[in-house]
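The following note comments on selected parts of the model. Each point may be read beside the sequence and the structure.

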Amino acid sequence: MRNPTQETKFPKIEKSPRLNTNQSQFHNKSNQNMTKSYYISENEMKGSSQFKNEQQTDIKFYNNPQSQGTEIIIELSKRQQLNKNCKEQLEKFIQNYYGQGNIKIVVNLLDRLGDNQQKQQKEQYQLLKMAFNQTTINEEDKLFQQRIYKFKGQPENNLQSLIQTIIYSVNILQTFQEYISQIGGHIEVNYEGCYLQIPSPQTRQVDVTELDCFFFDTICHYFENTIILQIECQSSAEAFAKFKIINDKVGYNIIQKQLGFIFKGIILLKLDMLICQLGKVTDFNLLLKHDQLYCLIEYNGKSIQESQNKLNEFLKSKQMIKKESVTDSILFYDLPYDEEEIKQKINFLKREYPDIYIEISNCQTLEDSRLKIQITSTTFLLKEQTSTEFLNQAKKIKTQIEEIYLPYKNIIISQKQKVIWENYLQEYFQPYLSCFNVHQNGETIEIALKTNQKKWRELEKQLADKLNFYSYQPIKLEAKSQIINQLKKCQNKNKLFKQVFQSLFADFENQINVTINEVDDKNIIFQVIFDKRNFNQLKIEDILKTQFIANLNVKRQNLLYEDSLKYFQLQSPELIQNNNIFVHQAPQHVAYFLGLDEHLEDIKEFLKKLKGQYKNEWIEQELTIENKLIFNLLYSKYCMKDIELKLGTSIEFIKATNSSQNKIIIQGFLNEILNLLKRLSELENRMNAYIKINNLELSQQEIEKLIGKQPELSLIEEQTSSYFQFQKIVSFSPEQAIIEKLTFDGKEISIVKGDITQIECESIVYQILNDKCELGDIGLQNQQVKNLLKMTDNHIYEFFKEIMKNRSQLNPGDLFYYKVNTQCHVDHIFNIYPPTYRQAKTLARDQKIIEQLVSNIFQMAKEKKIKQIAFPIISVEIFGFYMSMASQILLKAIIHNLFQEDCDVKQIFILENDDSRCKKLIDHFNQIVSDNPEQKTENYLKQQWQWFEQDHYEDYDDYEVNRKICKMYSLFEKGQDQQFNILYPYSKYPGTHRIDLDQQKIWDKTHNNSEQSIISIDNFGERKYYIDGRLVKDDLNRYLIQQEIQGKRRFEIFYKFYEIHLTSQGHFQKNLQFGNIRAIQFIPYEKPNFEDVLIQQNSQLKIEKMIGTSQLNGSQSIHYDINQQKKVKYDQLLIHTSNDDENIPKQKLLELLQNSTVKKTKTSQTHFTTQQTTQKQSEQIFLIRSPTNNRKLLLPKREPLQDKN
């Protein structure tokens, strides 16, 4: 399809039709391939359509009824002879039938052979009986032999051959020229003779066969399979309007779908251009009445007239195109001055609106002697297209025709009177604007009164009186500095406080006009225009000073005013709309409101409400970007305005320093921030699609050398559009991060702050995050999973697949042992699937599962002769257990197993990376090993708290919730009102909310299934969830990601947040989401408390608080040295580049690394593909079933530590 902006230019086509012998590439798939090569195969050759004037290869059998002989006649046209298959078949035919009968071969040549030529042929083929006869050559065959295509027009729809020649030359000639030039030929078009020709080449270097093939295969085939339909148009404007509609993608898609046509082009022939360019060929005024529109479609087997009628009937049916027409009239008294000049102006006006047909009737004389002309504007639009733009254009057309036809009476306003006109009278006479036109003429102003108005003379007199009796006077009055500062920032000061001034001078209506003209450092300069007969300057000054400046003030608000109105879809108060209050938006989200005190008081409540909404909806989000290349590309997109910011949204790019990472900080309204995050995600995905990632294999020493050359690396990154990523696991020695330690009988338990996948330890316990052993996509993996993959060289993938081979899901309590075969800071991994907290009544069962898991780990460690184990807090976070509950269960289980006589494990590390949970862990650790009975019992439950549900009270069945309320109640009893939040695990059963990630909805089951939206956005390797546009908490975000990793798209969560109030007026629970309030009470607690005394201290048991690493050297506690072979750095250099030559960054790095010898490297595309290790050690997967499977592992009976002590 042609470019809609180019009416007579040729389309550009991507590839040469001769590049592919199977199929020409002139048109895309939507055009169903303009042409195909005829030289594909014998079958395709037989099935393809041929030219009307072409001889076909036929085998005909003539049977003589009087004999048994057969005559075989073969006819081959010049076109068929170009087919290699035909030539091969002819040779085979001669070989097959040679000697079986008489052979007669007739060759019709286009040229006559002379006597010498005939003699030479006879001598060359002296064994063959050869005769030469004169014959008549078909004229069309001769034209084809000369590569001439004669346009004959289309008699069916009366399309002349010249018009057909012009249309094809406009539509496809340039494309043909481009491709034939590649094989050394060119095309000539003869408009007088109506034909197209490829002349014989001037040099022998051009393959004539190639020219023949192009002519027959492409040019002739295109013309023979294309028909031209004429679209009925009554005017040039109608032709242009329909051209715009049909040439639009929407338009031709509708026609193709409704009529089944395959479009090849839409051509608008402009009559004036044809006359200008081809006027010598013929008189186009005889061929065309006006501009004409033609449609080119692929021949569909139907008659041309039928297709043309079908197209025009569809365009008239209003199914696609509607006709819009506006009729208006102009009345005037006097005749126009120069009819010829008016005619020229009207023609110029018609060219200004090419898609609107403008018809002007002859003048009519009315009864009151006025003249009348009628104007009709007509155009064509898509059915769904609004006519607003056309109606506006019709109004402009009428206005311009009025200016052309109507005579005027001119009034000159002098330079002295100019200020009165511009600052007062122009607005005063605004209601009469249809009666006159205003023109600037140097230093003066000309007002042209339209004489078609009955009272134009009265208007002339009124205007003259105003100019004669009105005077201009500037008045300067002092004002407060803050008022002056705000007025300086106003661009249109003369529009401010107009209604205020009118109210102040209401007793002198239409006799005075006051505006603010300018301000200086201390004064407001008023511009006053007044009737000299009724006013003096002193009187005006007194009114402005006492009633205006004395009451003028400024109010400050922290918000983005205009953007807030648009975002919340609010109307600005009428006082501001009418400029009675001026609003200035300053930086730092501060708005200033300038107005009279009474007006500022009137909008006080509006601003208070707006500010409250603003605070709730305005958010800030920080994004960390490790990849500097992505960061720089995004920044360039932002600089090029490819990142659109709306409604006060801001984005700040903060480049990394030595101690920080690249960051993007965005601020804005909730929905706009979400849209911006989605836009950033789209841009990131597009960038990742063309960024190449290569792994540069270097030794650790070489990588360390490069790391030390950061300035040079940054320069290379900038020069080559690259980013060099040094990937490694930062392992740490536990002695550097021990917070608190318990030693007893040569064994120790240490509380360590850090990531369990980074600790240098003989073995670690890793919690499998879901029951399918799935690690998730790279964008969903947390840092521990990424570290685990690096430690095992991705082999853990296969290990987990092996686990799931014969099972559908894991069971809580499952344990799988993995031997690390890579050189790593960890040798053994105990993979466990812990229980998930659902409800209080299953707590005892879940506790047993955790205890059994710990026992099984110690048993397996004994079998593997493992001395060190690092534990996480089992079953917290996404598994739902309260921190205090899970830490107590784990600590008791570890202490019970570690201090048994037959336990060979010497050192236990318990790791937690979060500061607040670390503190809770230490508190629980100290409680368990304390010998103070009061410390043991101070947190025991004394009350069972209940909340009121409809007509009865229900227990808070969660132990931790009860314990927290009890603790806060003890403070309330001391005379302090308490207000605090209680939170439940998201995994708690039954859930309060239902989530459908496919529908992106979340429903509150406890509140009439009220609905909210939930969406996820991936930004820079992290997936973030948003509920009703607000970013969820980190722990909920991790929980939702794990549900998605497990393939759960529909699930329930417990998503209720409550606030407890213990006051002297009463105790109640408040739903933070909906504000519901329910009474609470307590009864005596009769169940056993969760906490109990485990250990009584003796002289051997010792607790040490490790404050800093400097104290480790003087400590008397036992330390077990880490094997030095474990201290391995996992350095890997990945090159991210958007450079066209992806090897340039690598070469720059190697040049930087060594100047003399260039190290040969292998660069390979990497997406962290799994590599098999050279040493494969077959380790059996040890599975110890959980207690829920009713399979017990027989372990030696162990003496409790209390009895031992």
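1. Y149, F151, Y168, F176, F214, Y222 and F223 form one aromatic cluster. Here, rings of Phe, Tyr and Trp (its six-membered ring) pair if their centres lie within 6.5 Å; planes under 30 degrees apart count as stacked, over 60 as edge-to-face and the rest as tilted. This is a predicted model, in which local features need pLDDT of at least 70 and side-chain atom pairs count only at pLDDT 80 or more, while totals for chains, interfaces and linings use all residues. Residues are numbered from 1 along each chain as its sequence is written, and side-chain values use heavy atoms, with hydrogens and water left out.

2. In the whole structure, a search finds 45 aromatic pairs. One of them joins Y222 and F223: the ring centres are 5.9 Å apart and the planes stand at 65°, so the pair is edge-to-face. Y222 and F223 are both buried (buried means under 20% relative accessible area, exposed over 50%, partly exposed in between, with a 1.4 Å probe and protein chains only).

3. W945 and Y969 also form an edge-to-face pair, with 5.2 Å from centre to centre and 70° between the planes. This pair links distant parts of the chain, since W945 is in strand β34 and Y969 in helix α34, 24 residues apart. Helices (H or I, at least four residues) and strands (E, at least two) are DSSP runs, numbered from the N terminus. W945 and Y969 are both buried.

4. To which sheet does β34 belong, and in what order do the strands lie? Six strands form an open, antiparallel sheet in the order β35-β34-β45-β44-β43-β36; two strands pair if DSSP finds at least two bridges between them. At the edges are β35 (952-955) and β36 (978-983), each pairing on one side only. From one strand to the next, the twist averages 35°. Helix α34 (residues 959-972) packs on this sheet and touches β34 (943-949), β36, β43 (1057-1063), β44 and β45; contact means heavy atoms within 4.5 Å. The direction of α34 makes about 175° with that of β36 (axes are lines fitted to C-alpha atoms, for helices over the stretch in contact, and angles run from 0 to 180 degrees between N-to-C directions).

5. Within the sheet, β44 (residues 1066-1071) and β45 (residues 1077-1084) pair in the antiparallel sense over three bridges. Q1069 stands opposite R1078 in β45.

6. Which residues of helix α9 (residues 249-259) are buried? They are G251, Y252, I255, Q256 and L259. These residues cover an arc of only 125° around the axis, which puts them on the same side of α9; the arc is that of the directions from the helix axis to the C-beta atoms. Their cover includes α8 (236-247), β7 (263-269) and α12 (304-316). The face turned away from the buried side carries the exposed residues K249 and K257.

7. The N-terminal end of α9 is capped by D248, with a side-chain oxygen 3.1 Å from the backbone nitrogen of V250. After α9 comes G260, whose phi is positive, near 75°.

8. T720 is found in helix α27 (residues 710-720) and counts as buried at 2% relative accessibility. Not counting residues up to four places away in sequence, T720 touches T1137, N1139, I1144, P1145 and K1148.

Technical notes
A polar contact is a pair of N or O atoms within 3.5 Å; within protein, one must be able to donate a hydrogen and the other to accept it, and residues adjacent in sequence count only if both atoms are side-chain atoms.
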